[in-house]
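This report goes through one protein model, with the residue pairs, loops, cores and cavities taken in turn.

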Amino acid sequence: MKTKASPKYLVVFLLVSTFFNSCIQRNYYDSPPSNYNNNNNNNNTGNTTGYRYLFDEEFNGSDLYGWNFTDAADSAYASIQSGSYQYVDYSTKLFSTSVVSTGANTTGNFVVQANIKSNNTMGLLFGASSTTNGYAFYVDSNGYYSLYSEGNSTTASTLIIPSTQDTLYATKKGWNLLELDQINGNWTGFINGTQIFQIAARSVTGSGFGFKVAPGTIGYADYIIVKSN
């Protein structure tokens with residue numbers, strides 16, 4: 001579906017007080033994707049690492065959740081093919097969003113991970129509900145990341161973390177593993193296993209997770225995994 005355009009990304013080189021000066025490396029990070037069975041959505045299955053619930057979409061089979069769509073009016077479409085989720089947005093103004101209900105509990109601690117790449121800007125979207133579009137953790141093909149609150153049908157997106165260069169950890173024009181942890185009232189963001197920010201968590205009202213791409217973007221997702229209590 002199409003949503004209102006997000007505010008234009010601004011390239012800034014200022015230090016943000018919420019970012020850590022030193023980075024933390026995830027020991028479990030492994031760049032090659034781990035391809036489990038498609039649509040493995042159940043409790044106590046797989047490597048939940050202390051979480052009771054696991055939603056695991058590997059895009060290796062049929063579309064069971066409604067990921068596929070075509071929006072001819074805005075020149076956008078997405079489909080599962082060849083073991084990944086291909087997302088194409090040829091429009092020039094509007095961002096395109098794809099979200100599914102995961103059944104995860106987002107009122108407490110949760111973790112979401114997704115392996116993505118694009119030729120422009122693509123985001124991992126989390127916490128969407130019937131009343132809000134949730135939040136999006138973006139990374140672009142030049143190695144910049146940002147975080148937005150995506151508003152709702154009447155409210156535009158608002159900036160939380162400005163576009164920030166992270167070329168040491170973000171892969172330019174290649175696959176990037178994005179992770180957002182909501183733990184003990186904080187959001188911690190990771191790119192390719194390295195912590196890049198931590199801020200106080202905002203209100204999360206829904207279990208909708210997925211992706212958002214900027215106009216003129218061709219993007220891919222290899223998997224999305226959500227763990228919750």
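## Ser79 and its surroundings

The side chains of Ser79 and Gln81 are joined by a polar contact of 2.8 Å. The model is a predicted one. Ser79 sits in strand β5, which covers residues 76-81. Because its relative accessibility is 18%, and buried means under 20%, Ser79 counts as buried.

Which residues is Ser79 in contact with, leaving aside its neighbours within four places in sequence? They are Asn68, Ser84, Tyr85 and Gln86. For Asn68, the separation from Ser79 is 11 residues in sequence and 4.5 Å in space, C-alpha to C-alpha. Tyr85, another of the contacts of Ser79, is also one of the residues with the most contacts inside the largest nonpolar core.

## The chain as a whole

The protein chain has 17 strands and 0 helices. Of its 229 residues, 52% are buried. When contacts between residues at least 6 apart in sequence are taken, 63% of them join residues at least 24 apart.

## Loops on either side of β4

Phe59 is placed in the loop between β3 (53-57) and β4 (69-71). Its phi is positive, about 55°, although Phe59 is not a glycine. Is Phe59 buried or exposed? With a relative accessibility of 0%, Phe59 counts as buried.

Gly61 also lies in the loop between β3 and β4. Gly61 is partly exposed, as its relative accessible area is 32%.

The loop between β4 and β5 holds Ser75. Ser75 too is not a glycine, and it has a positive phi of about 55°. The relative accessible area of Ser75 is 35%, so this residue is partly exposed.

Thr107 belongs to the loop between β7 (95-101) and β8. This residue is exposed, with 67% relative accessible area; the cut-off for exposed is over 50%. A polar contact of 2.6 Å links the side chain of Thr107 to the side chain of Asn105.

Thr107 and Gly185 are 78 residues apart along the chain, and 9.9 Å separates their C-alpha atoms.

## Nonpolar cores

In soluble globular proteins, nonpolar side chains tend to be buried together. In this model the largest nonpolar core has 41 residues. Those with the most contacts inside this core are Tyr85, Val112, Phe126, Leu147, Trp187, Phe211 and Ile224. Strand β8 gives the most to the core, with 4 residues. Another core, of 5 residues, lies apart from it and includes Ala136, Tyr138, Tyr148 and Ala214.

What is Val112 in contact with, leaving aside its neighbours within four places in sequence? Its contacts are Leu124, Phe126, Leu178, Glu179, Leu180, Phe209, Ile224, Ile225 and Val226. Two of these, Phe126 and Ile224, are also named among the residues with the most contacts inside the largest core. Glu179 is a charged residue that is likewise in contact with Val112.

## Cavities

How many cavities of 30 Å³ or more are there? The count is 2. The largest cavity has about 40 Å³ of space. Its lining is formed by Ile116, Lys117, Ser118, Met122, Val139, Asp140, Ser141, Thr171, Lys173, Gly174 and Asn176.

Strands β8 (110-118) and β10 (135-140) are the elements that give two or more residues to this lining. Of these, β8 supplies the largest share, 3 residues. By type, the lining residues divide into 3 nonpolar, 5 polar and 3 charged.

How values were computed. Residues are numbered from 1 along each chain as its sequence is written. This is a predicted model: local features need pLDDT of at least 70, side-chain atom pairs count only at pLDDT 80 or more; totals for chains, interfaces and linings use all residues. Side-chain values use heavy atoms; hydrogens and water are left out. On a 1 Å grid over the protein atoms alone, a cavity is a set of points where a 1.4 Å probe fits but cannot get out, and a pocket is an open set with protein on both sides within 12 Å along at least five of seven lines; lining residues have an atom within 4 Å of a point. Grid points are joined across faces, edges and corners, and a volume is the space filled by probe spheres set on the points. A nonpolar core is a set of buried Ala, Val, Leu, Ile, Met, Phe, Trp, Tyr and Cys residues joined through side-chain atoms within 4.5 Å. Buried means under 20% relative accessible area, exposed over 50%, partly exposed in between (1.4 Å probe, protein chains only). Contact means heavy atoms within 4.5 Å. A polar contact is a pair of N or O atoms within 3.5 Å; within protein, one must be able to donate a hydrogen and the other to accept it, and residues adjacent in sequence count only if both atoms are side-chain atoms.
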